[in-house]
Each structure stands twice: as C-alpha cells, then as structure tokens.
Amino acid sequence: MPVVKFWDGAEMITVDNRPMSWHVGMCVADLLAGLPDGHLYAVVKMDGRLIGRPRFAGTQVPDGARIDLIPMIAGG
C-alpha cells in the first residue's frame with residue numbers, strides 16, 4: 001500500500017484509489033521513487049493507459065490523474 005502524502009495545495013492525484021500530492025513536472029519515475037515499494041512496479045495504468053518501466057522517466061503525470069500500480073509477477 002502506498003504512503004499517502006498530503007500538502008496544502010489543491011493539486012492531487014489518485015494512486016490505487018488513495019489521494020496523493022502532485023507537483024508540476026512530476027513524472028511516473030518521480031511518483032514511484034516516493035513510494036517505499038516503488039521498485040516493485042513494472043507497469044502503471046494512468047487514466048486508462050498502460051505505461052511500462054522504460055517510459056516511466058519520460059511520462060508526465062497530470063494533475064488529477066488516476067493511477068493504478070501493477071506489480072511485477074513471477075512464477076513458474
């Protein structure tokens with residue numbers, strides 16, 4: 001479960017149905033770096049669009065985005 005961070009500004013995003021603060025210029029890599037388990041996610045779903053790890057640093061998160069975290073799964 002991600003850590004929820006609040007601040008005094010109105011800018012917010014929703015991560016796994018929980019509110020989280022947002023800032024101008026935030027990219028997916030920034031978002032995940034702020035989570036204790038951010039390294040576990042290979043894909044995120046942002047506003048219905050799937051984004052893979054190679055695009056995390058170059059994908060901006062807009063204010064009000066709805067993000068679902070999708071962990072890596074291994075099996076055999």
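1. Pairing of E3 and E4. In this predicted model, strand E3, which spans residues 41-46, runs antiparallel to E4, and four bridges join the two.

2. E3 and E4 belong to an open sheet of five strands, ordered E2-E1-E5-E3-E4, in which the pairing is mixed. Strand E2 (18-21) and strand E4 (49-52) are the edge strands, each of them pairing on one side only. On average, neighbouring strands of this sheet are turned by 30° against each other, with direction ignored.

3. The hairpin of E1 and E2. Strand E1 (residues 12-15) pairs with E2 in the antiparallel sense, over four bridges. Within this pairing, Met12 stands opposite Ser21 of E2. The two strands form a hairpin with two residues between them, and Asp16 in the turn has a positive phi of about 50°.

4. Order along the chain. The chain has one helix and five strands. Read along the sequence, these elements follow the pattern β-β-α-β-β-β. Residues 24 or more positions apart account for 46% of the contacts in the chain with a separation of 6 or more.

5. Ile13. This residue lies in strand E1. Is Ile13 buried or exposed? Ile13 counts as buried because its relative accessibility is 1%, where the cut-off for burial is under 20%. Beyond residues up to four places away in sequence, Ile13 touches Arg18, Pro19, Met20, Ser21 and Trp22, and also Met26, Leu31, Val61, Pro62, Gly64, Ala65 and Ile67. Of these contacts, the one with Pro62 spans 49 residues of sequence, with the C-alpha atoms 8.0 Å apart in space.

6. Val15. Strand E1 also holds Val15. At 1% relative accessibility, Val15 therefore counts as buried. The C-alpha atoms of Val15 and Met46 are separated by 9.2 Å, although the two residues are 31 residues apart along the chain.

7. The nonpolar core. Which residues touch the most other members of the largest nonpolar core? They are Ile13, Leu32, Val44, Val61, Ile67 and Leu69, in a core of 18 residues. At least two residues of this core come from each of E1, helix H1 (28-33), E3 and strand E5 (66-71). In soluble globular proteins, nonpolar side chains tend to be buried together.

8. Leu32. Leaving aside residues up to four places away in sequence, Leu32 touches Gly38, Tyr41, Val44, Phe56 and Leu69. Val44 and Leu69 are, like Leu32, among the core residues that touch the most other members.

9. Burial and surface. Of the 76 residues of the chain, 32% count as buried. The accessible surface of the chain comes to about 4,600 Å², and carbon and sulfur atoms contribute 59% of that area.

10. Confidence. The chain averages a pLDDT of 87, and 86% of the residues score at least 70. Confidence is lowest in E2, at a mean of 93, and highest in E4, at 97. Where pLDDT is low, the predicted coordinates should not be read in detail.

Key. Residues are numbered from 1 along each chain as its sequence is written. This is a predicted model: local features need pLDDT of at least 70, side-chain atom pairs count only at pLDDT 80 or more; totals for chains, interfaces and linings use all residues. Side-chain values use heavy atoms; hydrogens and water are left out. Two strands pair if DSSP finds at least two bridges between them. Axes are lines fitted to C-alpha atoms, for helices over the stretch in contact, and angles run from 0 to 180 degrees between N-to-C directions. Buried means under 20% relative accessible area, exposed over 50%, partly exposed in between (1.4 Å probe, protein chains only). Contact means heavy atoms within 4.5 Å. Accessible areas come from the Shrake-Rupley method with a 1.4 Å probe; for residues, only the protein chains shown count as cover. A nonpolar core is a set of buried Ala, Val, Leu, Ile, Met, Phe, Trp, Tyr and Cys residues joined through side-chain atoms within 4.5 Å. pLDDT is the predictor's confidence in each residue, from 0 to 100.
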